[in-house]
Amino acid sequence: DLYFSKVLLDDTRTTTSVYARFPHTQTIQQKQPITVKVLDNSPSGERRPSFMAPLGQSSTQMALRGGVLELECIAEGLPTPEVSWYKESGDLPSSRMSFHNFQKTLKIADVMEADAGDYRCTAKNSLGSAHHTIKVNVKAAPFWISAPRNLILAPEETGILTCRVSGDPKPQIAWSVNGVPIKDSPKDTSRKVEDDTVILSDVQTGSSAVYQCNASNEFGYLLANAFVNVLAEAPRVLTPPNNVYQVITNNPAFLDCASFGSPIPAITWFKDSQTSILNRDPYVIHNNGTLEINVAQSLNSGKYTCIASNNLGTRENHVYLEVKEPTRILAQPEYMVVQRNRKAVFECKVKHDPTLIPTMNWLKDNGELPDDERFLVDTDSLTINEVTEEDEGTYTCVMNTTLDQDSASAMLTVVEEPDPPTDLELTDQRERSVQLTWIPGDEHNSPTQKFLVQYEDLLHQAGVWHNLTEEEGTKTTAHLDLSPYAYYSFRVLAVNHVGYSQPSRPSRQYRTNPAAPDVNPTDVHGVGTEHNNLVISWKELTGLQSNGPGLQYKVNWRQKDVEEDWLSETVANTSKYVVSGTPTFVPYEVKVQAVNDYGNGPAPEAVVGYSGEDVPMSAPESVQVLVQNGTLAEVHWEPVLTSMVRGRLQGYKVSYWRERSLHQAEAQQEEQQVLLFSGNRTDGRLPGLKPYSLYTLNIRVVNGKGEGPPSPNHNFETPEGVPGPPSFLRIKNTDMDSLTLEWGPPQDNNGRLTGYTLKYQPVNSSNELGPVEEMMFPANETTVILADLKYSTRYKFYFNAKTIKGSGPTITEEAVTIMDEGYTEPHLPISPITQSLRPPFHKVRPIGPAFTNVNSSVVGEEGAVISWEYFGPDKNVYVEYIVENSKEDWTKECVNGSSGSQTHLIKGLKPGTSYRVRLVVKDHSEATIHSTEELVITLPAMKSDQVDLATQGWFIGLMCAIALLILVLLIICFIKRNKGGKYPVKEKEDAHQDPEIQLEHNTHTHTFPLKTTGSRTPSNGTVKRDDSDDSLVDYGEGGDGQFNEDGSFIGQYSGKKEKDTHEGNESSEAPSPVNAMNSFV
């Protein structure tokens, strides 16, 4: 029906046509035209809403599950009411509902049981509201919960067919067998029907059938077929054999073992030669036989065997799993900010499994790279030359293999200097300031950090631009303070991270009026260059600082602390003025003032300066020297009066030198040494003196002009000290029990020598030190003979000189007395000596490392050999090793602690593992005394795919063929020999005698070299008959022939036979089957 909520005069129609459309039949039916006439004689006024459809307070509507629910409320009233909807028992399904016809119609798609309930529509205008409730009931045609499935049963098995459906009202279920209702089919004791379930028990061969389930109610029906096949079938594995599965580490791996059989085969999995894989971590065996490895690791690689078995047989299938290393991008491309026309390089270094072939692709904004020669793709990088703004974007490195991929992205931002500012304007113009504004240019991806304002003074320095001020990058205006008497032009530069922009176009010219100077010259100084002058200097003002024409400088000076007037002089175009006739080094007050045609500058401040210096007039007095020891002395003096310094005091210079040693009568003056003591000092220290020497010194005062006269020379002596080491110690005339020592006096006695001290002690083969012997010698002796020494013994000697101040440094030597006959002195490393005057022996550690030449080598897959040389007295030597990067304790093995070269084999190591190994020496308390640096040993991984040749078919066939060929050759050789063929050995030897045979022809025993040309067997493997009638038997059977280690025959002429007397004892060869074989081959 067509409803009007509010009829208007415009709704009048003489003809209103109605068409009915039938979409299923694609036809349209027209009804009789209708005339609508609106009367305006008594128009209705405003009124509350009321419902035209549906009528009453409530109504009921039914909907089918899965269909479309359409609820409609048409209300009338004035003003036109608005319609709204809500569900009383819950919320409206917002994802499946929609409103139509100005919310008069509510549609809910894909209706569910939860959509049942009370829906209220409300019509409302300014005068009131009206309500109508629609109760919705949801019914359902039958729908599946669980449809019956096909069954494959073995004889005597049990199966269940289930047909579970739902609907409203509840569907009725009917079963059929082969199209016949089950109640009408022949009775079967193995079949039992229970509503929606058929139970098949103890089925027999031949009871295969098609079962139908029909579920229906008043709104529809469902029909499903299930085929029950009863058969006995041995297992079959449907997965192709020797499949290779590849998977990335830490990903799940699925190994298929699809099978068929009746009864359903049981699936068992094996790995390599291990026992069966149970259904536990990390393995899961699914119902379809698939083996799942949750997190595959490299140790899971290998050969897997699945076995399908039932009571009719067993089948197996082999598959292989290869666990690969994942593809990872180690060095990812990084975000880059590159200046225009420069180069951008994105790195993308990848690690992948070596057995997989990687493919690297670069993308720009998830698309292909531009076809431009500026883009260069390398194995691990992307280079973009001469970058432009169009190159900005996101670049992605994608590394693909057949199993996985990895990707990383980075953005490229192209920056450059900003564009120059534009539209410079001068506003707020005043006598000493002006306002400058501008418009910034393009920043080019780099924010403007600041603006630099520059000026040009066309009056004083045309063409030269000076920096005036800086403003923040966010500002576009600057207040400029100006100077008088200048012709200004301004320009602005923008600054970003890349650099400065080009300058803007200059502003219009701005002139300021002249004025008196604002500042005076700076850096005013008064310094004398001669002893009677004062030079006053300053830094001149710039043209901009002059403030007007006629710039001059008024120089003022007067002596400080003296009652006199200021003297002055006015100069121009200069930066200094010289005052002559001044006293030497007196203070002056000076000041400089700027003056121009418009007035004087501000009052200047006075600066203190000094007139010129002159060299000092006197020397320090009362010089005294206090000797502290043989190498240090202190010098003291009275300072020079300030008036006599005649300048700025720099300090005092002390000059001193060594005249001679007190041993010597004649002077041997050495190079002079100088020390400067800054400031007004009265003392100083003189280090580095030599003992027992005569020194001379003098002192001068120093000022800025130079040095004054020296003080009178002053002499002083240094006391004695300990002597230097003896100049040499030699060992001569070594005998079995004696030797001679010679020595020389020290180069520096540093006093009067009182004698020499000699200590010596034996060192045995175990680096043990014997008792120390000590001897004293007067200063005038230079040699001594030591007797009663032990033969074949090493001795160490310690020798030094003495003065009254003590002993000097010790020098050492070693010597070995002559060895007893047959004795060899072992080479021992030199040991440090701990001096002791006690007779008992004590051990000392060897100098340097206890271990040398430490090396390692790998033996097989589970062992390593460590070799070293050890020199030390301790016997507790251990080899310690640990798995690299492990936190476990070191494993130690005790080894031979004797000196010399040693080796040790470490067994039971894990293949494919790296170990750290070291050698240590421990004392009785297990404390480590010596330790070598750690060696890293990596054992090779165990070979997993070794092939046993003895089990290969081609190898067995080849061996059989070779054995058959050898058997044939042996038969041929024996047949030839039994025919009585003779070998013309003698004739051939006479005709082709070797030169060596000819030289030994008259001997009874001949030696013949084994030669290829001497073979008695032709190369074709047959025995050739000759004209000779000698048989093989005449020359022996060759039983004495022998084979060397490589299988060659060496008994070629060992067989002997007595022939005619003129032949002597000649040797001949009987052909061997092996020889025949060798010749054939």
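**Figure 1. Contacts of Val-879 in the predicted model.** Beyond its neighbours within four places in sequence, Val-879 is in contact with Trp-868, Thr-891, Lys-892, Glu-893, Val-895, His-904, Ile-906, Val-917, Arg-918 and Leu-919. The model shown in this and the following views is a predicted one. Val-879 belongs to strand β77, which covers residues 877-883. With a relative accessible area of 0%, Val-879 is buried, because buried means under 20%.

**Figure 2. The cis peptide bond between Ala-53 and Pro-54****.** Ala-53 and Pro-54 are joined by a peptide bond in the cis form, for which omega is about -10°. Pro-54 is placed in the loop that runs between β5 (47-53) and β6 (58-64).

**Figure 3. The cis peptide bond from Asp-168 to Pro-169****.** Here omega is near 5° for the bond from Asp-168 to Pro-169, which is cis. The loop between β16 (164-168) and β17 (172-177) holds Pro-169.

**Figure 4. A patch of negative charge on the surface****.** Five residues form this surface patch, namely Glu-389, Glu-390, Asp-419, Asp-442 and Glu-443. Of these, Glu-389 is located in the loop between β40 (381-384) and β41 (393-400). The relative accessibility of Glu-389 is 38%, so this residue counts as partly exposed.

**Figure 5. Positive phi at Asn-445****.** Asn-445 is a residue other than glycine with a positive phi value, near 70°. Its location is the loop between β44 (433-439) and β45 (450-457). Asn-445 has a relative accessible area of 47% and is therefore partly exposed, as the exposed class begins over 50%.

**Figure 6. Positive phi at Arg-646****.** In this view the residue of interest is Arg-646, whose phi is near 55°, again a positive value in a residue other than glycine. Arg-646 sits in the loop between helix α2 (642-645) and strand β60 (649-661). Its relative accessibility is 23%, so Arg-646 counts as partly exposed; the buried class would require a value under 20%.

How values were computed:
Residues are numbered from 1 along each chain as its sequence is written. This is a predicted model: local features need pLDDT of at least 70, side-chain atom pairs count only at pLDDT 80 or more; totals for chains, interfaces and linings use all residues. Side-chain values use heavy atoms; hydrogens and water are left out. Helices (H or I, at least four residues) and strands (E, at least two) are DSSP runs, numbered from the N terminus. Buried means under 20% relative accessible area, exposed over 50%, partly exposed in between (1.4 Å probe, protein chains only). Patches are made of residues with over 30% relative accessible area and no salt bridge: like charges are joined within 9 Å, nonpolar side chains (Val, Leu, Ile, Met, Phe, Trp, Tyr) within 5 Å. Accessible areas come from the Shrake-Rupley method with a 1.4 Å probe; for residues, only the protein chains shown count as cover. A salt bridge is a side-chain nitrogen of Lys or Arg within 4 Å of a carboxyl oxygen of Asp or Glu. Lys and Arg count as positive and Asp and Glu as negative; His and the chain ends are not counted. The place of a charge is taken as NZ of Lys, CZ of Arg, CG of Asp or CD of Glu. Contact means heavy atoms within 4.5 Å.
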